[in-house]
Amino acid sequence: MGTRNQPTSVLESGIMKIRTVTTEPFADQKPGTSGLRKKVSVFRQPHYLENFIQALFNALHDLPTLTLVIGGDGRFHNRDAIQVILRMAAANGVGRLIVGRGGLLSTPAASCLIRAHGANGGIILSASHNPGGVNGDFGIKFNVANGGPAPERVTEEIFRQTQTIRQYRIIDSDDIDLSRDGEVRLENTRITVVDPVADYAALMEKLFDFDRLQDLLGGGMFNVCFDAMHAVTGPYATAILERRLGAMPGTVLNYTPLVDFGGGHPDPNLTYASELVEIMAATPAPDFGAASDGDGDRAMILGQRFFVSPSDSIAVMAANAHLVPGYRGGLAGVARSMPTSQALDRVAKRLGIDCYETPTGWKYFGNLLDSGRITLCGEESFGAGSSHLREKDGLWAVLFWLDVIAARRQSVEQIVRAHWRDYGRNFYTRHDYENIDANVAHDIVSELRTKMATLSGKTIGGHQIAKCDDFSYTDPVDGSVTQQQGLRILFRDGSRIVYRLSGTGTEGATLRIYIEQYVADSARHGDDPQTALAGLIAAANHLSGILTRTGRGGPTVIT
Ligand code: VG1
Ligand code: CO
């Protein structure tokens with residue numbers, strides 16, 4: 001076993017040593033919306049990574065019986081960090097580690113491997129949609145045995161451990177060779193290096209009609225452009241779209257994962273995925289465009305000169321799920337994060353199923369999926385997923401859309417417009433003010449909170465306010481309560497303004513303003529959302545004083 005690998009011989013020559021290193025706690029190791037995210041320079045401080053990993057191991061029990069999946073999105077520090085984690089896992093006596101070849105795993109593929117191998121959890125090295133490189137961000141997410149992000153009680157326990165940590169354990173050894181599949185032992189820890197794509201691709205084949213997709217993509221009549229943004233989905237999209245389904249070579253752009261994502265910002269939205277946006281805006285353009293984020297759990301869907309709002313995307317997927325083999329049996333229920341538009345609620349109503357409203361972050365969907373209450377769920381931030389995994393899944397969403405297109409033989413735009421005609425249109429936009437002064441951001445939010453107490457009954461932007469609150473969620477499965485998840489102004493006609501501070505940034509603060517208004521009249525469905533929502537946008541800006549308080553001319557990103 002593992003005889004061809006260097007570490008075995010190191011072990012045999014007996015020069016490995018478990019060291020116990022003395023350390024001091026760092027105050028700032030509290031995981032946010034999706035794991036611990038910091039600047040690379042923060043993570044590279046002596047002991048910083050080690051402290052967090054030891055805190056994680058301290059929060060787990062029976063380490064020798066555990067199997068953990070490990071991989072990352074290939075960003076700067078991925079390579080070094082993974083070696084440290086392997087050495088610490090061995091020093092702590094973790095039973096088995098399943099590692100993606102090259103240290104790579106997309107977030108959905110990690111979730112898939114945890115489930116496929118019955119592992120107890122996984123460590124994903126990623127700061128997702130945040131920029132990478134030596135001056136960029138790094139991150140660590142911990143997933144549990146269902147394959148999903150650790151629930152709050154687990155992240156709280158890890159954080160608690162980081163605050164009292166005094167030592168960590170690590171082994172001195174050479175780097176483990178992660179370039180080839182196979183198995184090695186490091187002390188008592190069995191380390192298996194696996195193909196990062198195989199299990200995931202097999203799962204996709206179970207859910208979608210690959211013959212139909214092959215007809216669509218391999219015929220040369222339907223062109224796809226998938227921008228992997230030099231992040232982790234390149235190998236997945238190339239293997240599945242080009243090699244397996246016969247899409248033209250060159251379908252996948254920027255397919256090599258690079259440590260700095262080629263200097264880009266792997267956040268698939270209209271601002272940062274500008275290369276794809278330009279390609280899809282040209283004449284002629286490919287029939288279908290998509291881009292995914294750093295760790296592959298998000299996807300932006302575009303038609304020819306047509307943008308699909310992520311909230312609409314989830315609603316369209318739910319309404320068409322019966323056309324996709326993996327979902328032919330029907331949807332048990334659906335869920336969306338609170339700021340996501342209510343387009344999904346309309347589909348659920350028509351289908352006669354429940355639609356749950358959760359706080360932002362995938363961890364809140366876990367219990368609903370595990371208990372069989374829901375089959376499909378999503379967020380306005382370009383994340384959609386289903387019971388096939390416990391993470392949002394970018395390439396899955398792309399395959400889902402393509403399978404629906406293959407079944408309906410209609411363009412992206414035709415499908416979305418037909419959906420609006422059928423259900424009405426929930427006009428939606430999100431304005432992000434990135435990297436604003438943290439004190440200013442907190443002042444804005446606390447003043448809004450005070451102001452909101454006096455707003456109910458008033459009319460702003462031409463809409464009468466029914467109620468204002470700070471969103472709070474009680475999990476229907478375990479009864480856990482999560483508070484202060486976003487300030488909501490709810491209007492009588494169903495329109496909404498929501499203010500929320502991001503929990504994934506690493507610099508200053510990011511204020512997100514979410515605005516929604518339902519329009520039944522199909523004559524207005526072609527309007528530009530910024531125009532259709534102008535009244536509410538102006539009201540939201542005025543109420544928060546965002547422009548004057550920050551001195552900004554407008555949002556950093558408009559979705
Ligand atoms: C953002 C999104 C949220 C998503 C989270 C993680 O969080 O709004 O919907 O679940 O990122 O996505 P926040 O707190 O910045 O709004 V990923 O793809 O960065 O792991
Ligand atoms: Co992501």
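Trainee: Which side chains meet in a salt bridge at 2.9 Å, with R430 as one partner?
Mentor: R430 and E380 do, with 2.9 Å from N to O. Keep in mind that this is a predicted model.

Trainee: OK, zooming out. What domains is the protein divided into?
Mentor: There's domain 1 (8-194), domain 2 (200-423) and domain 3 (425-558).

Trainee: How far apart are the C-alpha centres of domain 2 and domain 3?
Mentor: Those centres lie 25 Å apart. Domain 2 puts 31 residues into the contact, and domain 3 puts in 28 residues.

Trainee: And how much area is buried between domain 2 and domain 3?
Mentor: About 2,400 Å², with carbon and sulfur atoms giving 53% of that. On the domain 2 side, M338, N367 and W420 supply 24% of the area buried against domain 3, more than any other three residues.

Trainee: How many salt bridges and polar pairs go across?
Mentor: The rule finds 3 salt bridges across the interface of domain 2 and domain 3. For polar contacts, the count between the two domains is 14 residue pairs.

Trainee: Which elements give two or more residues to the side of domain 2 that touches domain 3?
Mentor: α11, α12, β16, α13 (366-370) and α15. Of these, α15 gives the most, with 4 residues.

Trainee: Let's look at α12, then. Which of its residues are buried?
Mentor: α12 runs over residues 343-351, and A343, L344, V347 and A348 are the buried ones there. They cover an arc of only 140° around the axis, so they sit on the same side of α12.

Trainee: Why would residues three or four places apart point the same way in an α-helix?
Mentor: Because an α-helix has 3.6 residues a turn.

Trainee: What covers the buried residues of α12?
Mentor: The cover includes α11 (310-320), β15 (333-337), β16 (354-358) and α15 (412-423). It also includes β19 (425-436) and β26 (509-519).

Trainee: And what comes just after α12?
Mentor: G352, which takes a positive phi of about 70°.

Trainee: You mentioned α11 as part of that cover. Is α11 largely enclosed or open?
Mentor: Largely enclosed by the rest of the structure, because 11 of its 11 residues are buried. Among them are D312 and N320, along with I314, V316 and M317.

Trainee: Back to salt bridges. How many does the rule count?
Mentor: The count comes to 35 salt bridges. One of them joins R336 and D345, with the closest N and O atoms 2.6 Å apart.

Trainee: Are R336 and D345 buried or partly exposed?
Mentor: One of each. R336 counts as buried at 2% relative accessibility, while D345 is partly exposed, with a relative accessible area of 24%.

Trainee: What about R549?
Mentor: The side chain of R549 meets that of E447 in a salt bridge, 2.9 Å from N to O. That pair links distant parts of the chain, with R549 in helix α19 (residues 546-550) and E447 in helix α16 (residues 438-452), 102 residues apart. R549 is partly exposed at 32% relative accessible area, and E447 is partly exposed at 41%.

Trainee: Which residues are joined into one network by salt bridges that share partners?
Mentor: R336, D345, E357, K467, D469, R488, R496 and E516.

Trainee: New topic: where's H463?
Mentor: H463 lies in strand β21 (residues 463-470), and H463 is buried, with a relative accessible area of 10%.

Trainee: Which side chain does H463 join in a polar contact of 2.6 Å?
Mentor: That of D493. Leaving aside neighbours within four places in sequence, H463 is in contact with K458, F491, D493, S495, Q517 and L536.

Trainee: Last one. Is G551 buried or exposed?
Mentor: Exposed, with a relative accessible area of 65%. G551 is found in the loop between α19 and β27 (557-558). G551 and I436 are 115 residues apart in sequence, yet their C-alpha atoms are 9.7 Å apart in space.

Notes:
Residues numbered from 1 in each chain as written. Chains lettered and ligands numbered in written order. Predicted model: local features only at pLDDT ≥ 70, side-chain atom pairs only at ≥ 80, totals over all residues. Heavy atoms only, no water. Buried < 20%, exposed > 50% of the residue type's maximum accessible area, 1.4 Å probe, protein only. Arc of directions from axis to C-beta. Contact = heavy atoms within 4.5 Å. Domains from an automatic or database assignment. Buried area = accessible area lost by both parts, 1.4 Å probe. Salt bridge = Lys/Arg side-chain N within 4 Å of Asp/Glu carboxyl O. Polar contact = N/O pair within 3.5 Å; in protein donor to acceptor, adjacent residues only side chain to side chain.
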